[in-house]
Amino acid sequence: MSAESSNPAATPTPCEDTQGDGRWMSLHNGFVSYSKDKEPDVLFVGDSLVQLMHQFGIWRQLFSPLHCLNFGVGGDATQHVLWRLSNGELDNISPKVVVLWVGTNNHGHTAEQICGGIMAIVQVIHNKLPHAQTLVLGLLPRGKMPNPLRERNANVNKLVEDALSSLPYAHFLNVDPDHCFKAFKTSHYHMSSF
């Protein structure tokens, strides 16, 4: 049994059509078709956190000038993004950078499985776009107070950061507000001592 088949988060799987309207497959087919006449420098891929980005002014102000495409789909887990990227979404484009933000919807999966799913996506991106750099954004905390999902997401971030550290074509950015605040305080402290 291969590692991929034993890890549901790393097995390419189309999203189940629970609504019965074919929405997910329609979005996927739209991305494949839409990308045929585009030349993006940056591709954003992931779940609703990516999908909703283009609704904010910051997207138009900062990202649109970079010739970005947004292939975010609400509710996607790693196995869904893996299926989409393996089935045409990367076939007609060659961005310089792929920003990946996925994993928070992998309900019922362990941190190790989610990391495996993210790493499988990074590998598909590298196989299909060997000259692109991949930036993996860390998972945000779930819930305000300590809880199992918050711990799981923190563990995923640590595992992914470690796994990416030896890859020259992929990088990790921890966007957890607590992490960013601690990093800012530390750098501010060191900078003020000069």
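**Figure 1. N29 in helix α2 of the predicted model.** N29 sits in helix α2, which spans residues 23-34. The coordinates shown here and in the other views belong to a predicted model. With a relative accessibility of 43%, N29 counts as partly exposed, because that class lies between the limits of under 20% for buried and over 50% for exposed. N29 and E89 are separated by 60 residues in sequence, yet their C-alpha atoms are 8.3 Å apart in space.

**Figure 2. The open sheet of five strands.** The strand order is β2-β1-β3-β4-β5, and the pairing is parallel. β2 (68-72) and β5 stand at the edges with a single partner strand each, so one side of each has no neighbour in the sheet. From one strand to the next, the twist averages 20 degrees.

**Figure 3. Pairing of β1 with β3.** Strand β1 (residues 42-46) runs parallel to β3, and five bridges join the two. V42 has V97 of β3 as its bridge partner. Strands of a sheet pair through backbone hydrogen bonds, in either a parallel or an antiparallel manner.

**Figure 4. Pairing of β3 with β4, and the helix between them in the unit.** Strand β3 covers residues 97-101 and strand β4 covers residues 133-137; they run parallel and are joined by four bridges. Together with helix α6 (residues 111-128), β3 and β4 make a β-α-β unit that is right-handed.

Figure 5. What joins β4 to strand β5 (residues 170-173)? Four bridges do, and the two strands run parallel. L137 stands opposite L173 in β5. The chain passes from β4 through helix α7 (residues 148-164) to β5, in a β-α-β crossover that is right-handed. β5 is an edge strand of the sheet, with a single partner strand.

**Figure 6. A nonpolar patch on the surface.** Which residues form the nonpolar patch? They are L52, F56, I58 and L62, which together have about 380 Å² of accessible area. I58 lies in helix α4, made of residues 57-63. The relative accessible area of I58 is 45%, so I58 is partly exposed. This value also passes the patch criterion, because patch residues need over 30% relative accessible area.

Definitions and conventions. Residues are numbered from 1 along each chain as its sequence is written. This is a predicted model: local features need pLDDT of at least 70, side-chain atom pairs count only at pLDDT 80 or more; totals for chains, interfaces and linings use all residues. Side-chain values use heavy atoms; hydrogens and water are left out. Two strands pair if DSSP finds at least two bridges between them. A crossover is right-handed if, with the strands pointing away from the viewer, the path from the first strand over the helix to the second runs clockwise. Patches are made of residues with over 30% relative accessible area and no salt bridge: like charges are joined within 9 Å, nonpolar side chains (Val, Leu, Ile, Met, Phe, Trp, Tyr) within 5 Å. Accessible areas come from the Shrake-Rupley method with a 1.4 Å probe; for residues, only the protein chains shown count as cover. A salt bridge is a side-chain nitrogen of Lys or Arg within 4 Å of a carboxyl oxygen of Asp or Glu. Buried means under 20% relative accessible area, exposed over 50%, partly exposed in between (1.4 Å probe, protein chains only). Axes are lines fitted to C-alpha atoms, for helices over the stretch in contact, and angles run from 0 to 180 degrees between N-to-C directions.
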